[in-house]
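Subject: Structure for you to look at

Hello,

I am passing on a structure that you have not worked with before. Please open it first, and then read the notes below.

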Amino acid sequence: AVVSTQSTGEDEKKTVNKGNLNPVVMVQPTDKADGSVFYQTFVDTYLTQAGFWHGFVVSLAVIIVSEIGDKTFFIAAIMAMKNPRLLIFSSAISALGIMHVLSVVLGLATTIIPHIYTFYAATILFIIFGVRMLHEGYHMDEDEGQEELEQVQMELKKKEEEIDNLKTVSDLESGNEVSSTSPSVLHSTLRAVVSPIFLTAFTMTFLAEWGDRSQITTIILSSREDPWGVCVGGILGHSLCTAMAVIGGRIIAQKISVRTVTLIGGVVFLLFALSSIYNGPEQ
């Protein structure tokens, strides 16, 4: 039997089961304002979702097949031969990271367009890029990478001459004065960041990446994939390619055929296009 009692001045009713002497107490969870809640929310919202990992893998694969043997790859490889590798790596990855984030933001801006239009536009561009890379790879000479390497060397040589001229003028104006005290760690760091070498690597990498196939692809991916996955996967891909270029870019360029990488890249783009067509715009 169930007995109901009504409290005075209140409309709520309490129901007690006579066969159970221990009432059930509902405990509301308390709010936590620590960093673990934000971290767990981020993990549950993004890292455990299939969309994040799909965007991550696609962006990582596209960046790797697009950047190996690219102009930015040879810029980092050549400059690392004459300058500190860590300095060149930090400069190049800074430029590539900024460009990649900007591309993701541009892709997010296109989400105001109906998804059906961006879906078919992205699929068509994937097909165009794939067919174009296959055509370029098929008609490419085996020493194509060496020609690209020589072209980048010529550009870097001109930049070095400009830097040397500016440095000579600066030394003459300052009287070539040298401080007798050793520079502090902060002074050394600032000097490295604003050094002509850092700025040259940053500027050349940024300009070479602007309008590149990888930038356009990133904009396309971020408009249809999870933006966090595209951002993280792309930055990781840029980091891997830049690290390979800095550590042994010339050796990699001689061992790996740019023609082969281009053909593989064309196949990858076409596979992504076929995957999009198979899944449809609803996915």
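A helix here is a DSSP run of H or I with at least four residues, and helices are numbered from the N terminus. By that numbering, Ile251 belongs to helix α10. Please keep in mind that this is a predicted model.

Overall layout

The protein has eleven helices and two strands. In sequence order the pattern is β-β-α-α-α-α-α-α-α-α-α-α-α. The chain counts 283 residues, and 35% of them are buried. Among contacts with a separation of 6 or more, 90% are between residues 24 or more positions apart.

Is Ile251 buried or exposed? Ile251 is exposed, because its relative accessible area is 54% and the cut-off for exposed is over 50%. In sequence, Ile251 is 174 residues from Ala77, while their C-alpha atoms are 9.4 Å apart in space.

Ala77 is one of the buried residues of α3. This helix runs over residues 71-82, and its twelve residues reach 18 Å from the first C-alpha to the last, close to the expected 16 Å. Nine of the twelve are buried, which leaves α3 mostly covered. Among the buried ones are Phe73, Phe74, Ile75 and Ile78.

Nonpolar cores

The largest nonpolar core holds 16 residues, and those with the most contacts inside it are Val58, Val62, Phe126, Ile220, Leu221, Phe269 and Phe272. At least two residues of this core come from each of α2 (50-67), α5 (115-138), α9 (213-224), α10 (227-255) and α11 (258-279).

What does Phe126 touch, not counting residues up to four places away in sequence? Its partners are Thr217, Ile220, Leu221, Arg224, Phe269, Phe272 and Ala273.

Charged residues

Side chains of opposite charge can pair when their charged atoms come close. How many salt bridges are there? The count is three.

One of them joins Glu136 to Arg132, with 3.1 Å between the closest N and O atoms. Glu136 and Arg132 are about one helical turn apart because they are four residues apart in helix α5. Glu136 is partly exposed, with a relative accessible area of 29%. Glu136 also forms a salt bridge with Arg213, where the closest N and O atoms are 3.6 Å apart. This pair links distant parts of the chain, since Arg213 is in helix α9 and Glu136 in helix α5, 77 residues away. Through shared partners, Arg132, Glu136 and Arg213 form one network of salt bridges.

A further salt bridge, at 4.0 Å from N to O, is between the side chains of Glu225 and Arg224. Glu225 and Arg224 are both buried.

Asp212

Where is Asp212? Asp212 sits in the loop between α8 (196-209) and α9. Asp212 is buried but has no salt bridge, and the nearest side chain of opposite charge is that of Arg213, 5.7 Å away. The side chain of Asp212 does make a polar contact of 3.2 Å with the side chain of Ser214. Apart from neighbours within four places in sequence, Asp212 is in contact with Glu67 and Asp70.

Regards

Key: Residues numbered from 1 in each chain as written. Predicted model: local features only at pLDDT ≥ 70, side-chain atom pairs only at ≥ 80, totals over all residues. Heavy atoms only, no water. Expected span 1.5 Å × (residues − 1). Buried < 20%, exposed > 50% of the residue type's maximum accessible area, 1.4 Å probe, protein only. Core = buried A, V, L, I, M, F, W, Y, C linked by side-chain atoms within 4.5 Å. Contact = heavy atoms within 4.5 Å. Lys, Arg positive; Asp, Glu negative; His and termini not counted. Polar contact = N/O pair within 3.5 Å; in protein donor to acceptor, adjacent residues only side chain to side chain.
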